[in-house]
Amino acid sequence: MKAKNLKKKKASAQNTQKKGKKRFSVENDPFFDEDNDIKRRRMFGDDEDIESSDDSEDIYGSDDEGVDRNVGRGEEEEEEETAAEKRKRVAEAYLRSVRELKRKDEEERESEDEYDREEREAMRDSRVADMLQQEQMEESGRVRRAIASRIQKPTEGFHLLVKHRQSVTAVTLSEDDLKGFSSSKDGTIVSWDVDSGKTEKYKWPTDEALKSHGAKDPQGRATKHSKHVLALAVSSDGRYLASGGLDRHVHLWDVRTRQHIKAFPGHKGPVSCLTFRQGSCELFSGSFDRSIKIWNVEDRAYVNTLFGHQSEVLTIDSLRKERVLTVGRDRTMHLWKVPEESQLIFRAPATSLECCCFINNDEFLSGSDDGSIEHWNVLRKKPVHIVKNAHSSLQSAGIEQINGALSNGHMENGTLNPQSHSSSALSWVSALTVCRNSDLAASGAGSGSVRLWTIENESKGIRPLFELPVAGFINSLVFSKSGQFLVAGVGQEPRLGRWGRIADVRNGVVVHPLKFS
């Protein structure tokens, strides 16, 4: 019974399975159906492949189960490149902003610079206009620098800068006041540094070289060209130095090389004085033949001759305007208007004039052999003011103070002892100079002093300022353009003769500094 029941249950179970589930078959599985495969390819793409690996380590033995290491590393590298690109992008943005700020700053600066440049140009033009106006007013005499009242009382004397074997006849300064030139009776011409006193000598060429430069044969009893120099002048541009003397020629030298470049013949007597017109290459020479000649040094040419003096021409001066001032032994002073070839003649009251210099185009000074200094105005034929005995006595207070600084009367270029010579001869005013466009003047004689003067306005005359003791004949004087020092050419003998001699004097160039308050 039990066996029959068990068989029935197994049979019923098998029947139940046949009814609820069909038997598995590849042919009946829809997965392997071609239509379904086409549909599946359309959904996922024809090129999608699924790969499997037979490496059991990849499936079971790896710690990073189910993770592809290469894929992870690629993602990390992609993340790092993105950060780098970000940093690059930020940096580029920062650079762009900096460059933009820089550009804006440059634009602003350019606009400011343009404004500043225009302002600077306007200021420069204004300064140039003021300078030209001031120069025109100074040249016309309507205004002058008031520096005389600012000079402090001297506490020291002249000091010897350059030594010469014989008496110094002329001194002059370059336009920038850095270099000086001096000459003496022995024919020596020397250039020297104002600060250090270092000298350079000019060498005279041979007679054959002089002839090739235009010199004529010696005239009269002379058998060779005399080297005795009486006058010097330097051009405003500092290129040319002119010298003149007993050989009756005007010699032209190159300042840079110190070489002789030209000899101008024409004068029939010694060349006693020379001057360049300021700011030009026009040279004027005065001679014992009573004439004044005009030369163009740039063209190396003769221009014209001015006649009017009845005796030797002794001194000459000029400014920027085409006017020349001369003094002769005929007791007259001539103001030459070169373009018109006309002249104004001023006669000394009762004395012989020895030297002269311009104050401005309308005023000038003259020195006489009686020790007087005359102040002239172009509008009057007589002096507007006369200082008599300008060098007949010394200011005792000033001399005591300065001599105290120089060992009780012993000065660097000699001994102050004017009483040993004729007082009338030693008091001749032998040199005059005016600091350009100012109210400061200086005069020299053989009486042992150089005197400074204040020039009053409106042609009211001159008044004494200070005495600067120096032994010897003062044959030449020149102020620096700034007025900061005064240079004197000193000799044992006067410039144009041998009628006097102070044997214990050193021949040379002496300099006196001037201090302003």
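## Strand E11 and its neighbours

E11 and strand E12 (residues 291–296) sit side by side as an antiparallel pair, held over five bridges. Two strands count as paired here if DSSP finds at least two bridges between them, and strands are DSSP runs of E with at least two residues, while helices are runs of H or I with at least four, both numbered from the N terminus. Across this pairing, Glu 282 faces Asn 296 in E12. The hairpin has three residues between the two strands, and Arg 290 in the turn has a positive phi of about 75°.

The E10 and E11 hairpin has five residues between the strands, and Gly 279 takes a positive phi near 75°.

How many residues of strand E11 (residues 282–287) are buried? Six of the six are, so the strand is largely enclosed by the rest of the structure. Buried means under 20% relative accessible area, exposed means over 50%, and partly exposed lies in between (1.4 Å probe, protein chains only). In a regular strand the side chains alternate between the two faces of the sheet. In E11, Glu 282, Phe 284 and Gly 286 point one way, Leu 283, Ser 285 and Ser 287 point the other way, and all are buried.

## About the model

This is a predicted model, so to speak of local features requires pLDDT of at least 70 and side-chain atom pairs count only at pLDDT 80 or more, while totals for chains, interfaces and linings use all residues. Residues are numbered from 1 along each chain as its sequence is written, and side-chain values use heavy atoms, with hydrogens and water left out.

The chain comes to seven helices and 30 strands. Of its 517 residues, 44% count as buried. Its accessible surface is about 29,400 Å², with 47% of that belonging to carbon and sulfur atoms; the areas come from the Shrake-Rupley method with a 1.4 Å probe, and for residues only the protein chains shown count as cover.

## Strand E7

Strand E7 (residues 240–245) is mostly covered, with six of its six residues buried. Tyr 240, Ala 242 and Gly 244 point one way, and Leu 241, Ser 243 and Gly 245 the other.

E7 pairs antiparallel with strand E6 (residues 229–234) over five bridges, and Leu 232 has Ser 243 as its bridge partner. Five residues lie between the strands of that hairpin, where Gly 238 takes a positive phi near 75°. Another five bridges join E7 to strand E8 (residues 250–254), again antiparallel, with Gly 244 opposite Val 250. That hairpin has four residues between its strands, and Arg 248 takes a positive phi near 70°.

## Arg 323

Leaving out residues up to four places away in sequence, Arg 323 touches several residues, among them Asp 317, Trp 336, Phe 358 and Asp 362; contact means heavy atoms within 4.5 Å.
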